[in-house]
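This briefing covers domains, aromatic contacts, salt bridges and a few selected residues. The sequence and structure come first.

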Amino acid sequence: MLEKIEQIRAEVQQLTATTPEEAEQHRIKYLSKKGQVTMLMDEFRSVPAEQKRELGKKINELKQFVQDKINSLKEQVATSLTSGPQVDLTRTPYPIPLGTRHPLTIVKNEIVDIFSRLGFTMAEGPEVEDDWHVYSSMNFADDHPARDMQDTFFIEAHPDIILRSHTSSVQSRVMEQSQPPIRVICPGRVYRNEAISARAHCFFHQVEGLYIDKGVSFTDLKQILLLFAQEMFGEKTQIRLRPSYFPFTEPSAEMDISCHLCGGKGCSFCKHTGWVEILGCGMVDPAVLEAGGIDSTQYTGYAFGMGIERITNLKYQVKDLRMFSENDTRFLDEFKSAY
Ligand code: DAH
């Protein structure tokens, strides 16, 4: 019996458990009614009287030892369950870096927003366009230099299909699809075959505006542009219209705003003139109205077009155009508070 006691003690000494079920199995094996320790106690009854004292002590010690061992195993697995992985592995890692809107998107939204408050709705057209919408319908002569390889990207297999070089093509699409009154603002990307530098890029962005109705005059154009300039650059902004030429407008003008950096006094930004150019505009040429299916004897209209990069540069003094398309997050982060 002594041997048996030692054997059980050695066995129990080695016990391990990783789950509460396993620890319970050990308890059943040794301490339940049919457990090994309980059986030993039963056997103890038939032990000769002179051995009872010594063996009784040993069995009691064994029972205590087994109980302690199993209790400590139970405790262990219970605490390892609660103290185990308390981190929620399904949670998103913090902090989550927030993205920013692209500065060109911020400015585009602002422009569209200003004009939508003035009753303009947004219209968009395709970037891959045909010659008709980009040039012919816009009254460009067949030999106009803008059609040249140096300006326009052609799709090789289809000389008639090009990447639009200005958003004026959307004017033509809108006219085809609707009748006056037409009042649209058309933002979008345009492409020109230019060498990439700090001051030029082979793609950039424009916003086109078009208003056609009965009795639309140059005064309406001037008024809406003044309103826009003051909304965009501040109440004190002044505008100046200089005569210019575009095939699709007659008369045509270019618009300057008073330099908002020096307030018109003259600084290096405005090359000491007090003015900076921001857009082209004019009264829609009757030939353009007719090409778009609009009766030029009944209707007149104005149009304008501006570069979004240019407006963004004026607002935020971005010196290098390439920054806009390089996706450098340090640059983009600077616009975190801009919207
Ligand atoms: N399409 C011209 C350009 O890309 C900009 C422009 C000028 C648009 C005058 C117009 C306009 O609608 O009336 O330079």
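Buried means under 20% relative accessible area, exposed means over 50%, and partly exposed lies in between (1.4 Å probe, protein chains only). A salt bridge is a side-chain nitrogen of Lys or Arg within 4 Å of a carboxyl oxygen of Asp or Glu. Asp285 is buried but has no salt bridge. This is a predicted model, in which local features need pLDDT of at least 70 and side-chain atom pairs count only at pLDDT 80 or more, while totals for chains, interfaces and linings use all residues. Residues are numbered from 1 along each chain as its sequence is written, and side-chain values use heavy atoms, with hydrogens and water left out.

**Domains**
- The chain is divided into domain 1 (2-83) and domain 2 (103-338), with bounds that come from an automatic or database domain assignment.
- The centres of domain 1 and domain 2, taken over C-alpha atoms, are 90 Å apart.

**Asp285**
- Asp285 lies in the loop between strand 9 (275-284) and helix 9 (286-291); helices (H or I, at least four residues) and strands (E, at least two) are DSSP runs numbered from the N terminus.
- The nearest side chain of opposite charge to Asp285 is Arg147, 14 Å away; Lys and Arg count as positive and Asp and Glu as negative, while His and the chain ends are not counted.
- Leaving out residues up to four places away in sequence, Asp285 touches Asn139, Pro247, Phe248, Thr249 and Glu250, where contact means heavy atoms within 4.5 Å.

- Ser258 is found in strand 8 (residues 249-258) and is buried, with a relative accessible area of 8%.
- Ser258 touches Lys236, Thr237, Gln238, Gly274 and Trp275, not counting residues up to four places away in sequence.
- Helix 7 (residues 168-177) is mostly covered, with seven of its ten residues buried; among them are Val170, Val174 and Met175.

**Aromatic rings**
- The structure holds twelve aromatic pairs; rings of Phe, Tyr and Trp (its six-membered ring) pair if their centres lie within 6.5 Å, and planes under 30 degrees apart count as stacked, over 60 as edge-to-face and the rest as tilted.
- Phe115 and Phe228 form a stacked pair, 5.1 Å centre to centre with 25° between the planes.
- Phe115 lies in helix 5 (residues 103-117) and Phe228 in helix 8 (residues 218-233), so the pair ties together parts that are 113 residues apart in sequence.
- Phe115 is buried at 0% relative accessible area, and Phe228 counts as buried at 0%.
- Tyr211 and Tyr302 form an edge-to-face pair, 5.3 Å centre to centre with 75° between the planes.
- Tyr211 lies in strand 6 (residues 203-213) and Tyr302 in strand 10 (residues 300-307), so this pair ties together parts that are 91 residues apart in sequence.
- One aromatic cluster is formed by Phe115, Phe120, Tyr211, Phe228, Tyr302 and Phe304.
- The charged end of Arg183 sits over the ring of Tyr211, 4.6 Å from its centre; a charge sits over a ring if NZ of Lys or CZ of Arg is within 6 Å of the ring centre and within 35 degrees of the ring normal.

**Salt bridges**
- The structure holds 17 salt bridges.
- Glu277 and Arg242 meet in a salt bridge (3.7 Å, N to O).
- Glu277 lies in strand 9 and Arg242 in strand 7 (residues 239-246), so the pair ties together parts that are 35 residues apart in sequence.
- Arg240, Arg242, Glu254, Asp256 and Glu277 are linked in a network of salt bridges.
- Asp328 and Arg330 form a salt bridge (2.8 Å, N to O); Asp328 is partly exposed at 23%, whereas Arg330 is exposed at 63%.
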